[in-house]
Amino acid sequence: MDELYKHMLRSTVQVESPFVLHSLPDHTMAKRKLSTVQLQLILISMALATATATATTHLQFYVHDVVTATAGSPATAVHVARAMRPLPGVPNVRFGDTIVIDDPLTEGPDAASPAVGRVQGFYTFVDQHQLAVILSLNIVFTAGMHNGSYLVVQGKGAFFDEVTELAVSGGAGRFRGASGYGLLRTHSFDSGTNNAVVKIEIHLQMFQGSCEFTCESNLVPGTCAALTSMDMESLEM
């Protein structure tokens with residue numbers, strides 16, 4: 001514990017010299033220990049209050065949704081549930097149809113663009129009157145600086161909307177505690193195969209921080225070491 005921290009402790013218990021502490025009565029020593037604990041708790045509270053900072057991150061990728069297999073790619077979107085009631089004007093789509101996807105995620109719109117991960121999840125047709133789905137997706141990163149992390153994206157989208165906005169409800173790895181939103185726009189669509197390339201832009205808010213950075217930068221040098229090595233004897237009355 002550094003000298004400044006010692007001075008703070010002495011000031012709190014109103015003792016002029018460390019040698020006087022040994023000659024204090026038991027009840028005074030108890031007060032002194034309580035004051036020490038109070039000071040430590042105050043320092044911890046100050047550290048926690050400033051330990052997090054918000055950072056904004058913007059990501060952009062392309063999703064390749066392959067409904068009909070081609071020579072270069074197997075299907076990545078598969079019907080797993082087929083309902084009974086066709087949608088008005090769209091006889092091949094039924095209210096309740098559910099599709100599971102495992103779509104490639106790339107840096108650019110071309111299928112040969114460097115792969116960064118997969119978009120895995122499902123979407124279900126939930127509107128009885130129009131082509132609209134509920135999407136539940138995990139954006140799983142398998143390459144690059146986000147390798148091993150993923151984002152959870154959910155929401156409702158209508159097929160003929162120019163932009164579909166989804167909510168980022170969380171994540172893991174580098175995206176732990178993330179929140180924000182994603183914007184989906186159709187980059188290209190093949191009406192013959194129903195295959196599509198979708199541009200996805202993700203706007204995130206991340207909470208970052210650490211005890212070490214906060215203590216050493218914003219409080220007193222050496223305070224983190226003092227807080228993380230609190231003498232448990234000071235809790236004894």
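**Figure 1. Val-140 and Tyr-150 at the pairing of strands S7 and S8.** Val-140 stands opposite Tyr-150, a residue of strand S8, in this close-up of a predicted model. The two strands concerned are S7, which covers residues 132–141, and S8, which covers residues 150–158, and they pair in the antiparallel sense over 9 bridges. Together S8 and S9 form a hairpin, with 5 residues between the two strands.

**Figure 2. The strands S2, S5 and S6 and two of their residue pairs.** Strand S2 (residues 77–81) and strand S5 (residues 98–106) run antiparallel and are joined by 4 bridges. Within this pairing, His-79 has Ile-99 of S5 as its bridge partner. S5 is also paired with S6, again in the antiparallel sense, and here the bridges number 9. One of the residue pairs to look for is Thr-106, which stands opposite Ala-115 of S6.

Figure 3. Thr-124 counts as buried because its relative accessibility is 16%, which falls under the cut-off of 20%. When residues up to four places away in sequence are not counted, Thr-124 touches Gly-96, Asp-97 and Thr-98, and also Ala-132, Val-133 and Ile-134.

Figure 4. If its neighbours within four places in sequence are left aside, Gly-180 is in contact with Ala-167, Val-168 and His-203. A further reference point for this view is Val-153, which lies 27 residues from Gly-180 along the chain and whose C-alpha atom is separated from that of the glycine by 9.3 Å.

**Figure 5. The largest pocket and its lining.** The largest pocket holds about 1,000 Å³ of space, and its lining is made up of 38 residues. Those that lie nearest the centre of the pocket are Asp-65, Tyr-123, Phe-159, Phe-189 and Asn-194. By residue class, the lining divides into 24 nonpolar, 8 polar and 6 charged residues. Rolling a probe the size of a water molecule over the atoms shows where empty space is left.

**Figure 6. The whole chain, as context for the close-up views.** The chain contains 4 helices together with 11 strands, and 35% of its 237 residues count as buried. Among contacts in the chain with a separation of 6 or more, 50% are accounted for by residues 24 or more positions apart. The accessible surface of the chain comes to about 13,800 Å², and carbon and sulfur atoms make up 57% of that area.

Note on methods:
Residues numbered from 1 in each chain as written. Predicted model: local features only at pLDDT ≥ 70, side-chain atom pairs only at ≥ 80, totals over all residues. Heavy atoms only, no water. 1 Å grid on protein atoms, 1.4 Å probe; cavity = no way out; pocket = protein on both sides within 12 Å on 5 of 7 lines; lining within 4 Å. Points joined across faces, edges and corners; volume = space filled by probe spheres on them. Nonpolar A, V, L, I, M, F, W, Y, C, P; charged D, E, K, R; others polar. Buried < 20%, exposed > 50% of the residue type's maximum accessible area, 1.4 Å probe, protein only. Contact = heavy atoms within 4.5 Å. Areas by Shrake-Rupley, 256 points an atom, 1.4 Å probe, with all protein chains shown as cover. Pairing = 2+ DSSP bridges.
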